[in-house]
Structures are given as structure tokens and as C-alpha cells.
Amino acid sequence: MGRGKIEIKRIDNLNSRQVTFSKRRTGLLKKAKELSVLCDAEVAVVIFSSTGKLYEFSSSSMEQTLSKYSRSLDLDPSDKLATEVQDDVNALKDEFDKLRLAYLRMLGKELDDLSFKELQHLEEQLSEGILSVKDKKEEVLLEQLKRSRLQEQKAALENETLRKQLEEMRRSCKSPFLQFNPVERRFCLTDSKAVSTSASEESEHSDTSLHLGLSADVRRKRKARKIEHRCNDSGSQVASE
């Protein structure tokens, strides 16, 4: 069974009132601390018991928080807005300084103010970062190798396809010569013989025309030279015998 609803009114019993005050005070301070941590808020809690005892909690400084509270009460709404904006700017500046300091320490700088435990923690962070970088680098290299192998296989398939196409083209170019028609071949031989015969006739005709173009005296002299040359040859043969 769940707890019943408690009526909110003053507790008459003194002991019960003191116990309830102690429990509720502890819970309130705990909630204030959680609020300041979770929401990055500046929280201040002031509690006075029925006997006048002071209990307080402040996420930063009680005096600073109360001073800010007093200034906010005295300011106009416009000034209050400007103050809130300035507070936001200051908070962003502080956050920027923290991040910059952390970045410099990751680079191995600004290490003078760190204790041994902080240095050890920083070393562990750097080691984890280096391992993550190495794992990512290996992953990228494996991916590049996989893409290279796929491109190589694709290029090999393209080369094989081109080789087959080239062989088919060569076979198609050789087939007409292998299937040459004998009748056409005979006609070609006959035509070649006719061409050679006509060429020889033309050459003889040209020689005849050349002979006809010579004068009678030149022909007579040539015949005399031939007869003289034959006589000389016959005389040399007789002398030798």
C-alpha cells in the first residue's frame, strides 16, 4: 500500500515536529545541491529553525549570491535584463577558459598546476584517444584496400571482355579469306594472265615502233657490226682448234 496523503499544517507534537524538520531540511538541501549540479545553477538556501538555529547551503558563495540578490532587487527591469545577459556572458567566458585549458593540457601544455592523480588521469585520456585514432586509421585503411580490390577486379573483368571482343574481330576479319570462292579465284587468275599478255604485247609493239623509227643507214650499220662480230667469233674458234 502506498503512503497516504499528508495534510499540510503545523505539527502540534514537538518531537514529531523536530523529526519532520530534520528530515525535510536534509531533503531540501540535497535537492538544492542536485539542482545546482544538474542545471549549472547558482543556488543558495537559508533555513532558520523554530529555535533560531541557522542552516544554509550555497553552490558558490553565500555572500556573493546574497549580494547579487540585493542588486537584482534594486535594479530596474531593463538593468536586470542587462545584468542577466552580462552574467551569461561571464559564464560563457568561464566555460571557454576551461575548454581552452583542457585543450592545452591535451597538447602537453599548462601542466604545472596539476597533481599526480590529475596527470595520471590526463595520461589515461590521451592513451584512450590514441587507441581510438589507431582503430579508426586501421578501419579507413581496410576500407581503402577493399575499394582497391573491387576496382582491380572490375578492371580485370573489363580487360577480359575487351580481349574476347578483339579475338572475335580477328576471327571475323580472317574468315572471308579462308572462304574465298574458287570460281572467282580462277577469274582472277585469268584476268591476271590477260593483263600480263597485254603488257608483253604492248612492250613488243613498243620495240617494233622503236625499230621502225630508225633510219636505213643505222640499220645497215648495225647489221654490218653483227656480221663482223660473228666472223670474229668463228675465227677465234678455228684458231683455237
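1. The element α3 gives the largest pocket the largest share of its lining, six residues. Helices are DSSP runs of H or I with at least four residues, strands are runs of E with at least two, and both are numbered from the N terminus. Both α2 (62-74) and α3 (77-106) supply at least two residues of that lining.

2. The model is predicted, so local features need pLDDT of at least 70 and side-chain atom pairs pLDDT 80 or more, while totals for chains, interfaces and linings use all residues. Residues are numbered from 1 along each chain as its sequence is written, and side-chain values use heavy atoms, with hydrogens and water left out.

3. The protein has six helices and two strands, in the order α-β-β-α-α-α-α-α from the N terminus. Of its 241 residues, 6% count as buried (under 20% relative accessible area with a 1.4 Å probe, protein chains only; exposed is over 50%, partly exposed in between).

4. The volume of the largest pocket is about 580 Å³. Its lining has 17 residues, of which D40, A41, E42, K68 and A91 are the closest to its centre. A pocket here is an open set of points on a 1 Å grid over the protein atoms alone, where a 1.4 Å probe fits, with protein on both sides within 12 Å along at least five of seven lines; lining residues have an atom within 4 Å of a point. Grid points are joined across faces, edges and corners, and the volume is the space filled by probe spheres set on the points. By class the lining counts four nonpolar, six polar and seven charged residues (nonpolar: Ala, Val, Leu, Ile, Met, Phe, Trp, Tyr, Cys, Pro; charged: Asp, Glu, Lys, Arg; polar: the others, Gly among them).

5. The largest nonpolar core has six residues: A32, V43, V45, I47, Y55 and F57. Such a core joins buried Ala, Val, Leu, Ile, Met, Phe, Trp, Tyr and Cys residues through side-chain atoms within 4.5 Å. Beyond four places in sequence, A32 is in contact (heavy atoms within 4.5 Å) with V43, V45 and F57.

6. S49 sits in the loop between β1 (44-48) and β2 (54-58). S49 counts as buried because its relative accessibility is 13%. Its side chain makes a polar contact with that of T51 at 2.9 Å (N or O atoms within 3.5 Å, one able to donate a hydrogen and the other to accept it; residues adjacent in sequence count only if both atoms are side-chain atoms). Not counting residues up to four places away, S49 touches F21 and Y55.
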